[in-house]
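Here is a short briefing to read alongside the model. Please have the sequence and the 3D view open as you go.

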Amino acid sequence: MLDAVVVGSGPNGLAAAIVLAQSNFDTTIYESSEKIGGGMRSASLTLPGFVHDVCSSVHPLALASPFFQKLPLEKFGLSWVKPDAALANPFDDGSCAVLYNSLEETARSLDRISDSRKYSELFLPKLKNFQPLLHDVLGPVGTRLPTLNPVQLISFALNSVKPVHSFAKNEFQGKDARALLGGLAAHSMLRLEDRPTMAFAMIFVLLAHSVGWPFPRGGSQSIADSLGRYFESLGGKMVTGLEVKSLDDLPRSRVKLFDLTPRQLLKIFGSAFPANYSKSLRSYRYGPGVFKLDYALDSPIPWKSSECLKASTVHVCGDLDEIALSEQTVWEGKIAARPFVIVTQNSLFDSSRAPEGKHTAWAYCHIPSGSGADLTERIENQIERFAPGFKSCVLARHSFTAIELEKYNANYVGGDINGGVQDLWQTFARPVLGLSPYKTPLKGIYICSSSTPPGGGVHGMCGFHAAIAAIKNDLPSSRR
Ligand SMILES: Cc1cc2nc3c(=O)[nH]c(=O)nc-3n(C[C@H](O)[C@H](O)[C@H](O)COP(=O)(O)OP(=O)(O)OC[C@H]3O[C@@H](n4cnc5c(N)ncnc54)[C@H](O)[C@@H]3O)c2cc1C
């Protein structure tokens, strides 16, 4: 009998498997796709020689992850690229807000002097305490004492539980800081009037000013491949191309960890879970989906503002109110006329992504859950608005509707890329309310995906905490 089986090889499945293998437990990963990596895969989606990140593209959470930081991934082929700026947000008047890696430079560049002062006052003290703050944010919720002292924790909590829309309007006067915060918070896929959207904005700002917003040379796949190689170097095994539909598809093992979301677990376990646990899993809420485009381009995107060329990520929508309207419309079940589009242009900083002189771009916007709508025209109109001539640079494009994204990876239920809504309640009750959200009521059965704390993104912390719980509860101490 094996010690451990992990189903799914996303960042959380790989992290869980590595923790188990590091403790000398025989561990095998079962992955439905032919390639490991889940949300970290890259592929040649358009033309020969162009490498596209199918899902995740920019990785501040991976570089800052307390677990990934400890792994020797550079030795296994991972190399980071870090532009000087994390993010650009162009406006119709040709100006542009920029989130630089330097907090001082960002503050200086804002369009109002009062905002520059406010920005430093707000973020500088938090930046000084960012490592313990990150430890608290990425740690398992409610199961241990926080690392920050109570004054620091209260100061972070007071601001971060606020909705970003009113916070940005009350605290900042100019369009730059307001749009930067609104766009960052929109990554949460919540309405900007919802709590705790300011927490997302705050964390992304602090990541920019601490580790930057890096991405792996050669594509996101190289994070997956380096994790996979490291896992194999510890004796771990990986089986790909096997979709687990029932427990009969898996060998006997002391523990099983599932890098899957509640809906998939319910399919695999049927009535094996106690009724009240199944009921809780059934009531777990998924959020909006995404519509995604990948481009092979003849040239860099011809932004009106050359400032946009300083960052790998560009938020394409304009000002705070327009971003808020776009996200509100999606939650009303409708498609935004002018969607908030997140664009990345990693080939500007990493020549391995495209043939010489050519470029790639990656773009997505939010859309109602399960929508089959094609938003290519709306997305391209938005990019063209801030980069006239963009459409004529397109050599080829590839799209994913929300439905197609779920077909590509069953974890993206209805196209939700966060493994479930991450509002105030489901940040804690993820997937159910409990002291160890990773443990299910069945002996040896754990959930380790982004549907557990701390939630979405490539950081591996859900898998790390789930594996620690499995080792503590269900594995013999002799192998550790
Ligand atoms: C378009 C898009 C853009 C994104 N951008 C970013 C970004 O820039 N930065 C960032 O940090 N995050 C980003 N994300 C989110 C990030 O990819 C996810 O939060 C992360 O991958 C979740 O990790 P996971 O391990 O929980 O699940 P996943 O990465 O989804 O992995 C789950 C794995 O399980 C496998 N699987 C599913 N069902 C079965 C089954 N029955 N049997 C066997 N295997 C199965 C799947 O094939 C997959 O490999 C993005 C996601 C998408 C889709």
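Strand E6 (residues 85-90) pairs with strand E12 (residues 311-316) in the parallel sense, over three bridges. Within that pairing, Leu87 has Thr313 of E12 as its bridge partner. This is a predicted model, in which local features need pLDDT of at least 70 and side-chain atom pairs count only at pLDDT 80 or more, while totals for chains, interfaces and linings use all residues. Residue numbers start from 1 along each chain as its sequence is written.

**The seven-stranded sheet**

- E6 and E12 belong to an open sheet of seven strands, ordered E7-E6-E12-E13-E14-E11-E15, with mixed pairing. Here two strands pair if DSSP finds at least two bridges between them, and helices (H or I, at least four residues) and strands (E, at least two) are DSSP runs numbered from the N terminus.
- Strand E7 (96-100) and strand E15 (394-400) are the edge strands, each pairing on one side only.
- On average, neighbouring strands of this sheet are turned by 20° against each other, direction ignored.
- Helix H14 (residues 376-386) packs on this sheet and touches E6, E11, E12, strand E13 (341-344), strand E14 (359-367) and E15. The direction of H14 makes about 70° with that of E13. Axes are lines fitted to C-alpha atoms, for helices over the stretch in contact, and angles run from 0 to 180 degrees between N-to-C directions.

**The five-stranded sheet**

- A second open sheet has five strands in the order E9-E2-E1-E10-E16, and its pairing is parallel.
- Its edges are strand E9 (237-239) and strand E16 (445-447), each of which pairs on one side only.
- From one strand to the next, the twist averages 20°.
- Strand E10 (residues 253-258) runs parallel to E16 and is joined to it by three bridges. Leu257 finds its bridge partner in Tyr446 of E16.
- As background, strands of a sheet pair through backbone hydrogen bonds, either parallel or antiparallel.

**Domains and their contact**

- The domain assignment of the protein gives domain 1 (2-40 + 60-68 + 217-284 + 420-479), domain 2 (99-210) and domain 3 (286-408). These bounds come from an automatic or database domain assignment.
- The C-alpha centres of domain 1 and domain 2 lie 29 Å apart.
- Domain 1 and domain 2 put 16 residues each into their contact, where two residues are in contact if their C-beta atoms, placed from the backbone, lie within 7 Å.
- On the side of domain 1 that touches domain 2, helix H2 (60-64), helix H16 (424-428) and helix H17 (461-474) each supply at least two residues. H16 brings the largest share, three residues.
- That side of domain 1 has nine nonpolar, six polar and one charged residues by class. Ala, Val, Leu, Ile, Met, Phe, Trp, Tyr, Cys and Pro count as nonpolar, Asp, Glu, Lys and Arg as charged, and the others, Gly among them, as polar.

**Around the ligand**

- The ligand is surrounded by 38 residues, of which the closest are Gly8, Gly10, Gly38, Gly39 and Ser56. A residue counts as near if its C-beta atom, placed from the backbone, lies within 6 Å.
- Helix H1 (11-22) and strand E11 (289-297) are the elements that give two or more residues to this shell. H1 gives the most, with three residues.
- By class, the shell around the ligand has 14 nonpolar, 20 polar and four charged residues.
- Where does the ligand lie? Domain 1 and domain 3 both give residues to the shell around it, so the ligand lies between them.

**The H8 and H9 pair**

- Helix H8 (residues 175-186) and helix H9 (residues 197-210) pack at an angle of about 105°, with their axes 7 Å apart. H8 and H9 are therefore roughly perpendicular to each other, a term for angles of 65 to 115 degrees (under 35 is roughly parallel, over 145 roughly antiparallel and the rest oblique).
- Leu181, Leu184 and Ala185 of H8 meet Thr197, Met198, Phe200, Ala201, Phe204 and Val205 of H9. By class, this contact has eight nonpolar, one polar and no charged residues.

**Backbone details to check**

- Most residues other than glycine have a negative phi, and most peptide bonds are trans.
- The peptide bond from Arg195 to Pro196 is cis, with omega near -5°, and Pro196 sits in the loop between H8 and H9.
- Arg430 and Pro431 are also joined by a cis peptide bond, with omega about 0°; Pro431 lies in the loop between H16 and E16.
- Asn24 is not a glycine, yet has a positive phi of about 70°. Asn24 is in the loop between H1 and strand E2 (27-30).
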